[in-house]
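Please open the structure in your viewer and keep the selection panel at hand.

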Amino acid sequence: MDTNFSDDFLIKGKFSIKKTSTEYKGKLTKEEGEQLLSAEKEKLRELQEKLYADGSKSLLVVLQAMDAAGKDSLIEHVFGGVNPQGCSVTSFKAPSSKEYSHDFIWRHYLALPQKGMIGIFNRSHYESVLVCKVHPEYNLSEKTWSSVKDFDDKFWENRYESIRNFEKHLSQNGTTIVKIFLNVSKDEQKKRLLDRIEEQEKNWKFSAGDLPERALFPQYMEAYEEAINETSKDYAPWYVLPADNKWFARVAAIQIIIDTLEKMDLRYPQIGEKEKAELDEAKKILENE
């Protein structure tokens, strides 16, 4: 049975969201998938420790999705076993007035992982070419433009170029980037939103604002397709995961992250002869106490 899906969802060439499955789960059962996830979590924990010990590189995982696609639960189930000292999660909401006083990437720079760390962006700099593409009037809060008419094709080309330049700069300076889009169908999103209403313990997850955004589902799919096509590069690839089955999306995501870390050529620090002699001396002292 093929249980390695890491390369199956890498975007190569032209991406069409209409031709991409949201339901695919390979030949795995849910039980097999959960067992595989458990085994992979131990690998991830070991690799994260190695990344931390190496201290020369960092990993940035960017998660994007529609509401109810499973970003929060994916973070919980995939990264739940890593050392919290070596991992940080930043959830980006609507920008504050201070953040609007800077360029659209500024607040994301502040949240980047330092060397030796894994950083997770729950939503990201891509909101500026997703929600702000569907709602161009939001860009007026940056106070640089005076009219929605300013947001023409050239404006969006410049935004994509800024994102590509940002990510290329990071990749050239020690940060490996993995970008994951959880591709959930409109029908599955409806089911999950209804669950949030019907199950009392999930009521807190539901927002009335989810419904107006759901009505714009086609526009969001168009924005995602364009953003992914414009910004999936060797130095910052996009992976589009079928997300109608949460358990499968988690398995695919953890395999992508593990494979990425394994390709980073991480090494535990090597000590010299002087340090080895000091360790031997320390061992003798401790043994003779």
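Strands, as named on this tour, are DSSP runs of E at least two residues long, numbered from the N terminus, and a residue counts as lining a pocket when it has an atom within 4 Å of one of the pocket's grid points. The model is predicted.

With those terms in hand, select β4 (175-183), which is one of the elements that give two or more residues to the lining of the second largest pocket, α10 being the other. Of these, β4 gives the most to that lining, with 4 residues.

Counting cavities of 30 Å³ or more gives 1, and the largest cavity contains about 40 Å³ of space. To display its lining, select Ala69, Gly70, Ser73, Leu74, Leu182, Ala243, Lys246, Ala249 and Arg250.

Then colour α2 (71-79) and α10 (246-262), the elements that give two or more residues to the lining of the largest cavity. Which element gives the most to this lining? It is α10, with 3 residues. By residue type, the lining of the largest cavity comprises 5 nonpolar, 2 polar and 2 charged residues.

Note on methods: Residues are numbered from 1 along each chain as its sequence is written. This is a predicted model: local features need pLDDT of at least 70, side-chain atom pairs count only at pLDDT 80 or more; totals for chains, interfaces and linings use all residues. Side-chain values use heavy atoms; hydrogens and water are left out. On a 1 Å grid over the protein atoms alone, a cavity is a set of points where a 1.4 Å probe fits but cannot get out, and a pocket is an open set with protein on both sides within 12 Å along at least five of seven lines; lining residues have an atom within 4 Å of a point. Grid points are joined across faces, edges and corners, and a volume is the space filled by probe spheres set on the points. Ala, Val, Leu, Ile, Met, Phe, Trp, Tyr, Cys and Pro count as nonpolar, Asp, Glu, Lys and Arg as charged, and the others, Gly among them, as polar.
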